[in-house]
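My entries follow in the order in which I made them.

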Amino acid sequence: MMSKKLKRSIIAWLLLAPLVVLVFFPFAVMFITAIKPQTEVLSPHWWPHEPRWRNFIDMWAATNFGQALWNSVVVSTFATLGAIVISIPSAYAMSRFRFRGREAYRQFLLITQMLSPIVLVVGLFRVIASFGLIDNIGAVTFVYMAFNIAFTVWMLQSYFATVPKDLEEAAWIEGASRFQTLVKVFLPLVTPAIAVTAIFTFINAWNEFVIALTLLRRQESYTLPIQVFSLVAGRYTVEWHHVMAATFVATLPVAVLFAWLQRYLVRGLALGAVK
């Protein structure tokens with residue numbers, strides 16, 4: 001006889017099967033196309049007759065993928081770290097202090113998330129150009145950080161509000177300053193929330209396209225979205241096996257990041273639900 005636990009597992013997986021197929025289908029298409037010989041890319045056969053695993057190595061060498069990958073890692077990492085470090089004091093103040101204009105400021109942060117970067121890109125280009133920073137990775141990093149600060153403050157202040165004030169007050173009674181309390185008591189409790197916010201901020205920077213397309217000119221400065229776009233745009237023939245290989249590899253760092261921070265992600269989401 002099949003146990004009840006096994007039955008529940010089977011039923012759960014059957015119910016989740018359509019979602020799993022829907023999520024993994026694009027990745028399967030990318031991977032299968034990436035290992036097809038160029039002559040079989042448009043073939044109706046779903047699996048190549050002779051898979052070319054070397055396509056990934058050829059793509060890496062032919063598309064300058066390594067430099068674009070490094071640029072994206074640098075830009076996304078420093079933009080995320082900068083946004084988190086700057087946002088923590090602001091989010092803490094919003095969750096702990098009552099001051100005039102607090103609600104208006106919270107609404108302002110929410111409204112800024114409704115604006116698409118493309119609305120601001122012309123003015124942004126003129127500002128960056130006036131400083132002579134076009135085609136500068138540092139400038140793109142700073143812009144990404146600035147664009148994500150409103151999001152990180154909004155996310156963190158909602159998480160910070162769930163931490164009981166009694167813990168901070170107990171530290172103050174023991175003689176700790178507000179800064180010591182923030183660093184040694186408060187921040188360790190909200191580490192999952194910071195991790196969740198950092199993940200989403202990193203993804204926002206990793207996938208951003210419009211600003212990078214506007215501010216970057218040389219191939220040596222391209223981030224991954226621009227590098228992949230350059231494999232398709234303005235070409236008479238598109239090497240789809242290289243495009244799909246590049247796209248597939250570009251998804252791996254984010255997948256690794258999710259797997260590495262999965263426990264913090266679950267705890268952070270649970271923390272946000274308890275409010």
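**Entry 1: Leu 231**

I looked up where Leu 231 sits and found it in the loop between α11 (224-230) and α12 (240-260). Helices here are DSSP runs of H or I with at least four residues, strands are runs of E with at least two, and both are numbered from the N terminus. I noted that this is a predicted model, in which local features need pLDDT of at least 70 and side-chain atom pairs count only at pLDDT 80 or more, while totals for chains, interfaces and linings use all residues. Residues are numbered from 1 along each chain as its sequence is written, and side-chain values use heavy atoms, with hydrogens and water left out.

Is Leu 231 buried or exposed? Its relative accessible area is 9%, so Leu 231 is buried. The classes are buried under 20% relative accessible area, exposed over 50% and partly exposed in between, with a 1.4 Å probe and protein chains only.

I then listed the contacts of Leu 231, leaving aside neighbours within four places in sequence: Thr 63, Val 238, His 242, Val 243 and Ala 246. Contact means heavy atoms within 4.5 Å. I also checked Ile 35, which is 196 residues from Leu 231 in sequence and 17 Å from it in space, C-alpha to C-alpha.

**Entry 2**

Two packed helices are described by the angle between their axes and the distance between the axes. I took axes as lines fitted to C-alpha atoms, for helices over the stretch in contact, with angles from 0 to 180 degrees between N-to-C directions.

For α9 (residues 191-207) and α12, the axes come within 11 Å and cross at roughly 175°. That makes α9 roughly antiparallel to α12. The angle classes are roughly parallel under 35 degrees, roughly antiparallel over 145, roughly perpendicular from 65 to 115, and oblique for the rest. From α9, Ile 199, Phe 202, Ile 203 and Trp 206 meet Ala 250, Pro 253, Val 254, Leu 257 and Phe 258 of α12. By class, this contact has nine nonpolar, no polar and no charged residues. Nonpolar covers Ala, Val, Leu, Ile, Met, Phe, Trp, Tyr, Cys and Pro, charged covers Asp, Glu, Lys and Arg, and the others, Gly among them, are polar.

For α2 (residues 55-62) and α12, the axes come within 9 Å and cross at roughly 90°. The two helices α2 and α12 are therefore roughly perpendicular to each other. On the α2 side I found Asn 55, Phe 56, Asp 58, Met 59, Trp 60 and Ala 62, which meet His 241, His 242, Ala 245, Ala 246, Phe 248 and Val 249 in α12. The contact of α2 with α12 has eight nonpolar, three polar and one charged residues.

**Entry 3: pockets**

The search ran on a 1 Å grid over the protein atoms alone; a pocket is an open set of points with protein on both sides within 12 Å along at least five of seven lines, a cavity is a set where a 1.4 Å probe fits but cannot get out, and lining residues have an atom within 4 Å of a point. Grid points are joined across faces, edges and corners, and a volume is the space filled by probe spheres set on the points.

The largest pocket holds about 470 Å³ of space. Its lining counts 15 residues, with Thr 112, Leu 115, Pro 117, Phe 147 and Asn 148 nearest the centre. Two or more lining residues come from each of α5 (117-130), α6 (137-160) and α9. The most come from α6, with six residues. By class the lining has ten nonpolar, four polar and one charged residues.

The second largest pocket has a volume of about 230 Å³. I listed its lining as Val 23, Phe 24, Phe 27, Ala 28, Phe 248, Thr 251, Leu 252 and Ala 255. The elements giving two or more of these are α1 (4-34) and α12. Seven lining residues are nonpolar, one is polar and none is charged.

**Entry 4: backbone and whole chain**

Most residues other than glycine have a negative phi. I found Asn 64 with phi near 60°, in the loop between α2 and α3 (65-96). At 27% relative accessibility, Asn 64 counts as partly exposed. Asp 135 has a positive phi of about 65° and lies in the loop between α5 and α6. At 14%, Asp 135 counts as buried.

Last, I noted that the protein chain has 13 helices and zero strands.
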